[in-house]
Amino acid sequence: MSRTGNRPRVLIVGAGLAGTATAIRLLRFARRPVEIVLLERRSDYRSAGIAYHRDGNPWDHVFNIQAGRMSVFREDVLDFVRWANTEADRRDWPDPWAGLEFAEQGPAPRRIFQDYLNDRLAEAAREAAPGVVLVEEDGEAVDVDVRPSGADVTVRRTSADGREPECEVLPADHVVLATGLELKEPPFAAEVLTHPSFVRNPYSAAGVRKLTELPPEATVAIVGTVLSAYDSAGLLLRQGHTGPIHLISRSGTIFRTYPDGHEHEVLQLPCPKSLLEPYGSREGFLARVRNEWETACASVARHHPEVAPAVVAERVAKAWEPYLPEIIERIPTAELRSLLDEFSTAIAAFRVGAVEYTMAVIERAMAAADGSVRLVVGRVDGIGPAASGRLAVSVAAPEGPRSIEADLVVCNVGREWDYGKARQPLWRNLVGKGIAVPHDRTGRGVEVDAKGALLGRDGRPAGPLSAVGVPREGDEIVRNGRTGAFAFNLAAIKNQSIAVAARVLERLESGDGPAQNHSPFVRLVSNTEDAVRARWEEAVLLEVRRLATRSRNERELLDSRLDTCIRSIGELPVLPKDASRRRRLLRTVVNRAAVDRLTDVSVTPRQLRRELDLENSEYLEE
C-alpha cells in the first residue's frame with residue numbers, strides 16, 4: 001500500500017466503534033494534510049465491532065440505554081436520534097421500526113448503529129480539510145516495530161488465491177490501537193467449544209441462527225447475567241419461546257429497568273470519607289463501602305425526590321467517580337484485582353440499567369409462578385455432553401451442586417482482560433517486546449498515560465502509539481474512577497477519541513515537537529488583565545466550536561477568527577519572543593484547553609453543550 005501523496009500517515013488498527021470514532025475526530029480536527037488509514041480484519045465489523053454489526057444483531061436487539069445517549073459526539077447529544085429520524089435509509093427496515101419516530105428516552109435497534117457510524121464517517125471524510133484523506137484497508141495488524149520517526153506495522157491479508165496469507169509492512173507516523181474486546185475460551189466449556197448445542201458468541205451470525213431456529217419448547221441455559229444475556233433471553237421470548245430458560249449467575253445480579261422519561265444526570269454528593277482510611281482487611285473495607293453506600297442512597301432519596309428509585313444506585317455510582325481514584329490508591333494491588341473480579345457484575349449493574357423494551361419481556365417471564373425464565377445462582381464448574389444427547393451444566397450453587405440439562409447453552413462470559421494472556425498476535429508481540437505493558441494495578445488492559453499513549457516497561461511512552469477503548473479499561477478505573485462497562489464503552493470512547501485525535505495531530509502538526517505543559521500559562525492568564533483573560537476565553541471557545549463543527553466551511557471561518565484572536569493576545573512572559581513560534585504555541589495551548597472542556601465528565605453531555613454555548617451560532621456571523 002503506497003501513501004496518498006507526501007503527507008503523514010495515521011494508522012488506526014480496528015475499525016469498530018472506537019476506531020471509527022477516532023477516525024471521525026481526526027478527519028474533523030486536522031488542519032493540514034494527513035492520511036488516515038482505517039484497518040479492519042473483518043469487513044463485517046467495520047463501523048460496528050462485535051456489539052453492533054448487522055449479522056450478529058437481529059432487529060429485536062436494542063441498545064441497553066436510551067437512544068438519546070447513543071450519539072457518537074458527546075457535544076451533540078441528539079445526533080443519533082436526529083439521524084435515525086431524518087437521515088437513515090429505512091427502505092429495508094421491518095415494522096415497527098420502519099414507521100417509528102425515535103425518541104430520546106426510547107429504544108432503538110443496535111443494527112442501525114453501523115449505518116449511523118458509516119454515514120458520519122463518510123460525512124467527516126467529505127468535509128475534511130484539503131489534503132486530509134481517509135483510506136479504508138482490510139487486513140490484520142500482527143506486529144509493530146517502533147522506529148525513531150514512527151512505526152512499521154506488519155499487516156496480514158488473505159492472498160488472492162485464498163490460501164496462503166500475505167504480509168505487508170505499512171509505515172506510519174502514528175498508530176492508534178482500537179482493537180476491541182479480547183476473548184478467551186472459558187475453561188469450564190473446554191469439552192464443548194465445537195459442540196453444535198453450544199453458543200460461544202451470541203453476537204455472531206451462527207449464534208443468532210441457533211437461537212432463532214431453536215424449537216420453542218427447548219431448554220436453554222445462559223451462562224452469565226451481564227446485559228448480553230438479556231439480549232439472548234429477550235430474543236427467544238419475543239419469538240414465542242415457551243421452554244425453560246435458565247439464567248446462571250455467580251452473583252445472582254439482575255439489572256434494573258430504566259423508568260419512562262429517564263435522563264442521564266450528574267449529582268454532587270460528598271466524598272465517602274471512610275473509604276479514604278487505610279485499607280485494613282477486606283471485611284472491614286466492604287463494611288465501610290456498604291455503610292457509605294446506604295448513606296449515599298438514602299441521601300439521594302431524601303434530597304432528590306425527583307430521582308426514581310430504580311436509578312438511585314446509578315446516580316450514586318456516577319457521583320462517586322471523582323473520589324474513586326484516591327480510594328483505589330489505598331487498596332493493595334492483589335486486593336484490588338480480587339475485588340474487581342468478584343464484584344464486576346454487581347458494579348456493572350449499579351452503574352447502568354436497561355431499557356424497558358429489553359427488560360419487560362424478561363421480567364414478565366420471571367415474575368409468574370410458572371414463568372419460563374429462572375435465575376440460578378452459582379458458579380459454573382463444567383459443561384459436558386449428557387447421556388441424553390443434550391449438554392449438562394454443572395453448577396456449584398449455595399445449596400449444593402446441581403446439574404442442568406439443556407438443548408442449547410449460550411455463553412456470555414470469557415472476556416480476557418489480562419493482556420499478558422491475549423490471543424491476538426498483535427498484542428502478544430507488543431507485550432513481548434515491551435512496547436505494551438499489562439496494567440499493573442488492575443490486570444485489565446495496558447498501561448497508558450492520561451492521553452492514551454502506550455507506556456513501555458520504563459513507564460515512558462513506548463513510541464508513537466495510542467490506545468482507544470477496551471485496552472484502556474484499567475487506566476480508566478484507577479485514573480478516572482470509571483466502573484463497569486463505562487471503563488471502555490461508548491461513553492469512554494467519546495472522550496478518548498477526542499483526546500487521542502487532538503494529541504496525534506498536535507504531534508504531527510507542531511513544528512516545535514510536543515508542547516510544554518500549558519498549566520503555567522493558564523494560571524498566568526487567570527492573573528493577568530481582564531482584556532487578556534477575555535481574549536483567552538474567546539480563543540478557547542472558538543477552538544471548542546471548531547472541533548465540534550461538522551462543516552468544512554464553518555471550521556475554516558472559525559479557524560480564521562481563532563487566528564485573529566490569538567494574534568491579539570500579544571506577548572506574555574512565558575511565551576517565545578518569535579511571533580511565529582508564539583502563535584504555534586498558543587494554538588497548541590488553546591487546543592489543549594478546548595479538549596479539556598469537551599471531555600469534562602463532571603457534567604452531563606447536555607449540560608456540557610449548554611455551558612459551551614454550542615447551541616448558539618452567533619460565532620459564525622461576521
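How do the residues of the lining of the largest cavity divide into nonpolar, polar and charged? There are four nonpolar, three polar and three charged ones. Here Ala, Val, Leu, Ile, Met, Phe, Trp, Tyr, Cys and Pro count as nonpolar, Asp, Glu, Lys and Arg as charged, and the others, Gly among them, as polar.

Before going on, a word on what you're looking at: this is a predicted model, where local features need pLDDT of at least 70, side-chain atom pairs count only at pLDDT 80 or more, and totals for chains, interfaces and linings use all residues. Residues are numbered from 1 along each chain as its sequence is written, and side-chain values use heavy atoms, with hydrogens and water left out.

Rolling a probe the size of a water molecule over the atoms shows where empty space is left. A cavity is a set of points, on a 1 Å grid over the protein atoms alone, where a 1.4 Å probe fits but cannot get out, and lining residues have an atom within 4 Å of a point. Grid points are joined across faces, edges and corners, and a volume is the space filled by probe spheres set on the points. By this rule there is one cavity of 30 Å³ or more, and the largest cavity holds about 50 Å³ of space.

Its lining is made of Asp 60, His 61, Tyr 230, Asp 231, Gly 234, Leu 235, Arg 238, Tyr 357, Thr 358 and Val 361. Helix 6 gives the most to that lining, with five residues, and helix 6 and helix 11 each supply at least two. (Helices are DSSP runs of H or I with at least four residues, strands are runs of E with at least two, and both are numbered from the N terminus.)

Helix 11 covers residues 356–367, and its buried residues are Tyr 357, Thr 358, Met 359, Ala 360, Val 361, Ile 362 and Ala 365. Buried means under 20% relative accessible area, exposed over 50%, and partly exposed in between, with a 1.4 Å probe and protein chains only. Among the elements that cover these buried residues are helix 6 (227–238) and strand 11 (373–377).

Helix 4 (residues 113–126) has 14 residues and reaches 20 Å from its first C-alpha to its last, close to the 20 Å expected at 1.5 Å a residue. That expected span is 1.5 Å times one less than the number of residues. Its buried residues are Phe 113, Gln 114, Tyr 116, Leu 117, Arg 120, Leu 121, Glu 123 and Ala 124. What covers them includes helix 1 (17–29), strand 2 (34–40), helix 3 (79–86) and helix 14 (490–509).

Now for the rings. The whole structure has 18 aromatic pairs. Rings of Phe, Tyr and Trp (its six-membered ring) pair if their centres lie within 6.5 Å; planes under 30 degrees apart count as stacked, over 60 as edge-to-face and the rest as tilted. Here are two of the pairs:

| Pair | Centre to centre | Angle between planes | Type |
|---|---|---|---|
| Phe 63 and Phe 80 | 5.5 Å | 80° | edge-to-face |
| Phe 80 and Tyr 116 | 5.1 Å | 80° | edge-to-face |

Phe 63 sits in the loop between helix 2 and helix 3 and Phe 80 in helix 3, so their pair ties together parts that are 17 residues apart in sequence. The other pair links Phe 80 in helix 3 with Tyr 116 in helix 4, 36 residues apart. Phe 63 and Phe 80 are both buried, and Tyr 116 is buried too. Ring pairs join Tyr 52, Phe 63, Phe 80, Trp 83, Phe 113 and Tyr 116 into a cluster.

## Charged residues tucked inside

Arg 69 lies in the loop between helix 2 and helix 3. Its relative accessible area is 16%, so Arg 69 counts as buried. Leaving aside neighbours within four places in sequence, Arg 69 is in contact (heavy atoms within 4.5 Å) with Tyr 258, His 262, His 264, Glu 314, Phe 486, Leu 490 and Lys 494.

Glu 476 belongs to helix 13 (residues 473–480) and is buried, at 5% relative accessibility. Not counting residues up to four places away in sequence, Glu 476 touches Gly 481, Arg 482, Ala 487 and Gln 496.

Most residues other than glycine have a negative phi, and most peptide bonds are trans. Ser 47, in the loop between strand 2 and helix 2, has a positive phi of about 60°. A cis peptide bond joins Asp 95 and Pro 96, with omega about 0°.

Terms used:
On a 1 Å grid over the protein atoms alone, a cavity is a set of points where a 1.4 Å probe fits but cannot get out, and a pocket is an open set with protein on both sides within 12 Å along at least five of seven lines; lining residues have an atom within 4 Å of a point.
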